[in-house]
Amino acid sequence: MSFLQPRPDQPLVIGFDCEGVDLARYGRLCIMQLAFDDAVYLVDAVMGGNSLMQACKLGLESPYVIKVCHDCKRDSEALYFQYGIKLNNVFDTQIAYTLLKEQHGKKWVPDDYISFVDLLADERYCGVVYDEKEEVRVLLRKDPQFWAHRPWTVMMKRVAADDVRFLLRIYERMVKSLTELSKWRLSVRSSLYCQCFCAGDDCFLGCPLPPPPEQLINGELLQEEVLAVVDVPSGKMGLVIGRKGSSILSIKQCCRADIFIGGQKGPPDKIFVIGAVKEVRKAEAILRGKFLPN
């Protein structure tokens, strides 16, 4: 009940993930996995439909329930466009891993994102080998409708559960290592990731970002982070990406910002930029410069 009817006096941390067919705004969300301390719930969006997903809406949007997941962008997009759910209060382990590396002096590198399989294998956070994930990837290439089939096979249930069963352990270990400043940056960036592929539709308009912790306001230089959406004119995306991605890579290297393209899952005519205000504005200017005639 602390998930279905969240309350400020009953804060909760859960593991979270979604599976589907081309999971995004135009695809189909088939399963949502929720990991609690004592159980993993597989929410069947195919059989349960909208009414079952709406029963989870309060928990998914609640600021009192922390949702621990790995790369929340497409999950958030699917939840919003298919069910009108605004994913909120996310602890994104992919972002947390990057911030922890920065704490230890690792130089920032564009697109240096750890996969979920590699994160699980890292002894500092979990130390679990997940070979079956690759087997499922092979099955998905052969049958893109894999997660839509019913009844569920034993493998489907096991893999869906394994995608979330270790997240709470990873969360506990990461939280202990993150500084207060990194926790704030993680919270802000996770919020922006949730909005990323939904932006432009103004679906998260008015949703405030987490305020900086009071003890850091006067003692640290806090850089505001923002999300910008760049509309790409028809036929110009190729100029932005460049041959074998050379152009977009050069932009990422000179701007310390995360840059994402909607791609085949959409929206195909938009580029999303997340980072400190100064770096985002620089990236926007360079991107728009690509549209100008020679």
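Student: How many disulfides does the structure hold, and what makes a pair of cysteines count as one?

Tutor: The structure holds 0 disulfides, the rule being that two cysteine sulfur atoms must lie within 2.5 Å of each other. Cys72, for instance, is in no disulfide, since the nearest cysteine sulfur, that of Cys194, is 3.7 Å away. This is a predicted model, in which local features need pLDDT of at least 70 and side-chain atom pairs count only at pLDDT 80 or more, while totals for chains, interfaces and linings use all residues. Residues are numbered from 1 along each chain as its sequence is written, and side-chain values use heavy atoms, with hydrogens and water left out.

Student: Why does Cys72 count as buried?

Tutor: A residue is called buried under 20% relative accessible area, exposed over 50% and partly exposed in between (1.4 Å probe, protein chains only). Cys72 has 0% relative accessibility and therefore counts as buried, and Cys198, with a relative accessible area of 0%, is buried as well.

Student: What makes the pair Arg158 and Glu132 a salt bridge?

Tutor: The term asks for a side-chain nitrogen of Lys or Arg within 4 Å of a carboxyl oxygen of Asp or Glu. In Arg158 and Glu132 the closest N and O atoms are 2.4 Å apart, and the pair is therefore a salt bridge. Its partners come from distant parts of the chain, Arg158 from helix α7 and Glu132 from helix α6, 26 residues apart; helices (H or I, at least four residues) and strands (E, at least two) are DSSP runs numbered from the N terminus. With a relative accessible area of 37%, Arg158 is partly exposed, whereas Glu132, at 14%, is buried.

Student: Which other pairs meet the salt-bridge rule, one of them being that of Lys133?

Tutor: Lys133 and Asp163 meet in a salt bridge at 2.8 Å, N to O. Lys133 lies in helix α6 and Asp163 in helix α7, so this pair ties together parts that are 30 residues apart in sequence. Both Lys133 and Asp163 are buried. Glu134 and Arg141 also form a salt bridge, with their closest N and O atoms 3.6 Å apart; here Glu134 is partly exposed at 38% and Arg141 is exposed at 59%. The count by this rule comes to 21 salt bridges.

Student: How do you know whether buried Glu19 has a salt bridge or none?

Tutor: Glu19 has none, because its nearest side chain of opposite charge, Lys133, is 4.3 Å away, and a salt bridge has to lie within 4 Å. Lys and Arg count as positive here and Asp and Glu as negative, with His and the chain ends not counted. Glu19 lies in strand β1 (residues 12–21), and, leaving aside neighbours within four places in sequence, its contacts (heavy atoms within 4.5 Å) include Lys133, Trp147 and Asp163.

Student: How do you know whether the span of helix α7 agrees with its number of residues?

Tutor: The expected span is 1.5 Å times one less than the number of residues. For the 12 residues of α7 (residues 154–165) this gives 16 Å, and the end C-alpha atoms are 16 Å apart, which agrees.

Student: Why are the buried residues of α12 placed on the same side of the helix?

Tutor: The buried residues of α12 (residues 246–254) are Ser247, Ile248, Ile251 and Lys252. They cover an arc of only 135° around the axis, which puts them on the same side of α12; the arc is that of the directions from the helix axis to the C-beta atoms. These buried residues pack against α11 (237–241), β7 (257–261) and α13 (277–289).
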